[in-house]
Amino acid sequence: MTDILLLNGPNLNLLGQREPEIYGDLSLEAIENACKQQAVEQNLTFNSFQSNSESDLVERIQQAKSDKVQLIVINPAAYTHTSVAIRDALLAVEIPFIEVHLSNPYSREPFRHHSYFSDIAMGTIAGFGIHSYRFAMQAAIDKLTAQ
Ligand code: DQA
């Protein structure tokens with residue numbers, strides 16, 4: 001059983017090297033570790049997964065159902081703007097999720113202004129760099145510990 005599953009989409013494995021003026025200079029591993037620490041401090045179990053592949057992300061979301069994941073925090077990255085398949089997987093497993101972005105997609109190119117996730121997410125946190133993950137984790141923890 002996992003309380004919180006953190007999912008990261010394509011190219012986020014390159015955090016720290018990739019366009020640091022937009023995405024910051026911390027690695028994905030550092031972000032995952034910080035998120036894990038937030039969860040563990042509240043006695044919640046935590047797992048994380050990153051993939052560049054849409055099908056791997058769909059498989060991991062499907063697996064989350066049997067892992068009894070309570071809540072998903074997801075940065076779908078570029079799939080935010082393209083993936084009906086990941087949207088459908090999240091709808092299929094009926095696990096509440098929070099959408100997170102390092103940058104603010106609405107202040108960027110028009111093709112980033114549409115998300116396939118925002119209308120079905122518990123909420124979306126975007127534009128605060130690595131703090132977006134911290135805020136999303138806090139929202140997830142508040143939700144799970146209030147139950
Ligand atoms: C992103 C924003 C997306 O538009 C982009 O494709 C990403 C990262 C973000 O975290 O700001 O890869 O999801």
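This is a predicted model: local features need pLDDT of at least 70, side-chain atom pairs count only at pLDDT 80 or more; totals for chains, interfaces and linings use all residues.
**Reading the ligand site, a cavity and an aromatic pair**

Reader: Which polar atoms lie at what distance from an oxygen atom of the ligand?

Author: A polar contact is a pair of N or O atoms within 3.5 Å. Here a polar side-chain atom of Arg 18 lies 3.0 Å from a ligand oxygen, an N or O atom in the side chain of Asn 75 is 2.8 Å from a ligand oxygen, and a polar backbone atom of Ala 78 is 3.3 Å from a ligand oxygen. Of the 320 Å² of accessible area that the ligand has on its own (Shrake-Rupley method, 1.4 Å probe), the protein covers 99%.

Reader: How many cavities of 30 Å³ or more does a search of the whole structure find?

Author: A cavity is a set of points on a 1 Å grid over the protein atoms alone where a 1.4 Å probe fits but cannot get out, and its lining residues have an atom within 4 Å of a point. The search finds one of 30 Å³ or more, and the largest cavity has a volume of about 40 Å³. Its lining includes Thr 80, His 81, Glu 99, His 101 and Arg 112, and strands β4 (97-101) and β5 (123-126) each supply at least two lining residues.

Reader: How is a pair of aromatic rings described?

Author: Such a pair is described by the distance of the centres and the angle of the planes. Rings pair if their centres lie within 6.5 Å, and planes under 30 degrees apart count as stacked, over 60 as edge-to-face and the rest as tilted. The structure holds two aromatic pairs; one of them, Phe 97 with Phe 117, is edge-to-face at 6.4 Å centre to centre and 85 degrees between the planes.

Notes. Residues are numbered from 1 along each chain as its sequence is written. Side-chain values use heavy atoms; hydrogens and water are left out. On a 1 Å grid over the protein atoms alone, a cavity is a set of points where a 1.4 Å probe fits but cannot get out, and a pocket is an open set with protein on both sides within 12 Å along at least five of seven lines; lining residues have an atom within 4 Å of a point. Grid points are joined across faces, edges and corners, and a volume is the space filled by probe spheres set on the points. Helices (H or I, at least four residues) and strands (E, at least two) are DSSP runs, numbered from the N terminus. A polar contact is a pair of N or O atoms within 3.5 Å; within protein, one must be able to donate a hydrogen and the other to accept it, and residues adjacent in sequence count only if both atoms are side-chain atoms. Rings of Phe, Tyr and Trp (its six-membered ring) pair if their centres lie within 6.5 Å; planes under 30 degrees apart count as stacked, over 60 as edge-to-face and the rest as tilted.
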